[in-house]
Structure formats: structure tokens, C-alpha cells
Amino acid sequence: MARRLLLVHAHPDDESISTGATMAHYAALGDQVTLVTCTLGEEGEIYVPELAKLAAADADQLGGYRIAELRAACAALGVGDVRFLGGAGRYRDSGMMGLATNDNPRSFWSADVDEAAAYLVEVMRETRPQVMITYDENGFYGHPDHIQAHRVAMRAAELARAEGVGPEKIYWMALPCSVLEAGLHAFADTVGNPFEGVESADDFPFGTPDDEIAARIDATDLHDAKVAALKAHATQIPDSSWLYALAGDFGSEFMGVEYYTLAAGERGPGDGPNGWETDLFAGIAVAEPAPAEAGSR
Ligand SMILES: CC(=O)N[C@H]1[C@@H](O[C@@H]2[C@H](O)[C@H](O)[C@@H](O)[C@H](O)[C@H]2O)O[C@H](CO)[C@@H](O)[C@@H]1O
Ligand SMILES: [Zn+2]
């Protein structure tokens, strides 16, 4: 029986940026990978000039367009189970923290957490995830939809585990301070350094001490799939993005490797100086289909 992974993300693009290598890794292994995205990203920027009028302040069609971007990105990652929380358009992109769009009654930031969690419990009842990935309490970088995705995902996991259908292990995306430092040094003397002016990893709001990291997923062999997925999100990620600088000479390590803290469940066996797991299912007894009863055919 395939192992079962659920990812809960806020906008179309987050899945590829933060967990694209991980998704491609487990999809390539034949495991069941389910993505739930909580909004359509209606309030996003538009870096494709000919699509500028789709913006929220104009035709307000960006959300629909980003559905197609998301499906193309997931196809590049080999992931076919792509869902929107409560159905496409149920919750609207809230915009960056502090903007008036946060108060839109349809915004995800305005959502009732238990009501939104109930939609996710329905997905868990169907897919029975053994592992769930989402954001930490700060939504990794403080975007309201990321914070809300954390709250909804954790509430849904609590409700689903009470029914016996919730994930055994819950991971939050993270970046080790050592990797941030290495990124700063790798780009220090490059033209167009994406981290120009940043002195230390401590200057980033999202570094995690290496000894608090639980898992390191190395999918450098699927680096190209992650880059193709990023390219699918063209309205959000311009060709000049620092993410593609990462995908250059320095990128295979930074782009094809993703890190996690363990928010719930037992840490499995790992390796290296910090004992990092190399598999998110480490320590989970993968249930095999019960052998057919003799004579039951
Ligand atoms: C990766 C991510 O969460 N992207 C979000 C985010 O995008 C930022 C936003 O457009 C901001 O105005 C830009 O300056 C910044 O560079 C972007 O990362 O917020 C958007 C609006 O909520 C959201 O649509 C997008 O997916
Ligand atoms: Zn996002």
C-alpha cells in the first residue's frame, strides 16, 4: 500500500517554493501525495505584463488563472491530487498582513477556523494521511493566509486524530540557520546577490537552529522538476527571481533539499550530526494490505 502524504498550503506557488522537491520525491516513489491549497491567490502580484489586467483591482481574474498555474506546477512535480479547501474559491487570498483585504469577509484570514478545519477533516477521512506538512505558528514568514493555514491544518489534525483518521506525524517547513548562512556566503560576491545587505542568517525571520530541525529531504535528483514547477507560477515568480539564482550553480543543494521541524509524532531514525531523518515516513509502520483470506477469491 502506498504511503500517504498531505500538504496544506495557503496560495498557489507555496507548494512549489517550499515543498516542491519533497512533493516530487514522494510522487516519484509512487506514494499518495495530496495537496490542499486554501486560497486561489487572488491578491497576488502579476509579473506577466500581458496579464496585468487580471489583477484584483481590475478584472479580478487572477485567482482563476492561478488555478491553471497550480495544476501545471503539480503536473511538473508528478502530483495529481490537487484540491482547494472547501472547493475552489471558498476562501479568498487575504493579502499581506495589515492590508484592508485582510478584512474582506471572504478572506481566509476572516474564516472561522473550525468551519475551515471541517473541510480539511473531510479530506483526511478520505485520504487517511500518515504524514502532514504545513507551516509553523508564524506561517513561516508571517503572511496571514500562512498563519491561518497553520491554524486550520493543526485544528483539523486534532479533530481527525480524535476520529482515528489524522496524520501520525506533522511537519512544519523550516530552513536551518546553517543553510541560510551558507546561502549568504554562496552569494556574497555574486552579481545581483539576492541577499545584498543581509549580514547574518539572524536577520531573516525564519531561520531554525540546526538542532531543532528533524528532517532533511534530499531530492536534488528532482531539482529540474522543482524548477519547472516554479516556472509554471509565472505570474508570481518572474524569470529574474532570486529563486532562479538559487537554482543556478548554488541551487541544487539549496533548491533540491528541503527541511522540516517535527510538530507532532515520534521522530524516526536519522543520520548525520543532528540525526536528521531522511524520510518523513521514518518510524511509521506502513500498513500493508491485509493478505486475502485463503479461499476468499
Ligand atoms: C510565496 C507567497 O506566499 N506569495 C504570496 C504573497 O506574495 C507576496 C505579495 O505579492 C507581495 O505584495 C510581494 O511584495 C511579495 O514579493 C510576494 O511574495 O502574497 C500574495 C498576496 O496575499 C499571494 O497572492 C502570494 O501567493
Ligand atoms: Zn503563500
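Modeller: A crossing counts as right-handed if the near helix is turned clockwise from the far one by less than a right angle, and as left-handed if the turn is anticlockwise. By that rule, α1 passes α6 in a right-handed crossing. Bear in mind that this is a predicted model.

Colleague: OK, and at what angle do α1 and α6 cross?

Modeller: Roughly 140°, with the axes of α1 (residues 14-28) and α6 (residues 223-232) coming within 9 Å. Angles over 145 degrees would count as roughly antiparallel, so α1 and α6 are oblique to each other.

Colleague: Which residues of α1 and α6 meet there?

Modeller: From α1 there are S16, I17, G20, A21 and A24, and they meet A225, K226, A229 and L230 of α6. By class, that contact has 6 nonpolar, 2 polar and 1 charged residues.

Colleague: What about α3 and α4, what's the angle there?

Modeller: About 60°, for α3 (residues 113-127) against α4 (residues 144-163), and their axes are 8 Å apart. That makes α3 and α4 oblique to each other. The crossing of α3 and α4 is right-handed.

Colleague: And who makes the contact?

Modeller: On the α3 side V113, D114, A116, A117, L120, V121 and M124, and on the α4 side R151, V152, A153, R155, A156, L159 and A160. The contact of α3 with α4 divides into 11 nonpolar and 3 charged residues, with no polar ones.

Colleague: Switching topic: which residues come nearest to ligand 1?

Modeller: H11, G41, E43, G44 and E45, out of 13 residues around ligand 1. The shell around ligand 1 splits into 2 nonpolar, 6 polar and 5 charged.

Colleague: Where does H11 sit?

Modeller: H11 is in the loop between β1 (4-9) and α1.

Colleague: Which residues does UniProt list for "binding site"?

Modeller: An unreviewed UniProt entry lists H11, D14 and H146 for that. They are spread over 136 residues of sequence but cluster in space, the largest C-alpha distance being 9.3 Å.

Key:
Residues are numbered from 1 along each chain as its sequence is written. Chains are lettered from A and ligands numbered from 1 in the order in which they are written. This is a predicted model: local features need pLDDT of at least 70, side-chain atom pairs count only at pLDDT 80 or more; totals for chains, interfaces and linings use all residues. A residue is near a molecule or strand if its C-beta atom, placed from the backbone, lies within 6 Å of it. Ala, Val, Leu, Ile, Met, Phe, Trp, Tyr, Cys and Pro count as nonpolar, Asp, Glu, Lys and Arg as charged, and the others, Gly among them, as polar. Axes are lines fitted to C-alpha atoms, for helices over the stretch in contact, and angles run from 0 to 180 degrees between N-to-C directions. Helices (H or I, at least four residues) and strands (E, at least two) are DSSP runs, numbered from the N terminus. Angles under 35 degrees count as roughly parallel, over 145 as roughly antiparallel, 65 to 115 as roughly perpendicular and the rest as oblique. Two residues are in contact if their C-beta atoms, placed from the backbone, lie within 7 Å. UniProt positions are given in the numbering used here, feature names are shortened, and annotations may be inferred rather than shown by experiment.
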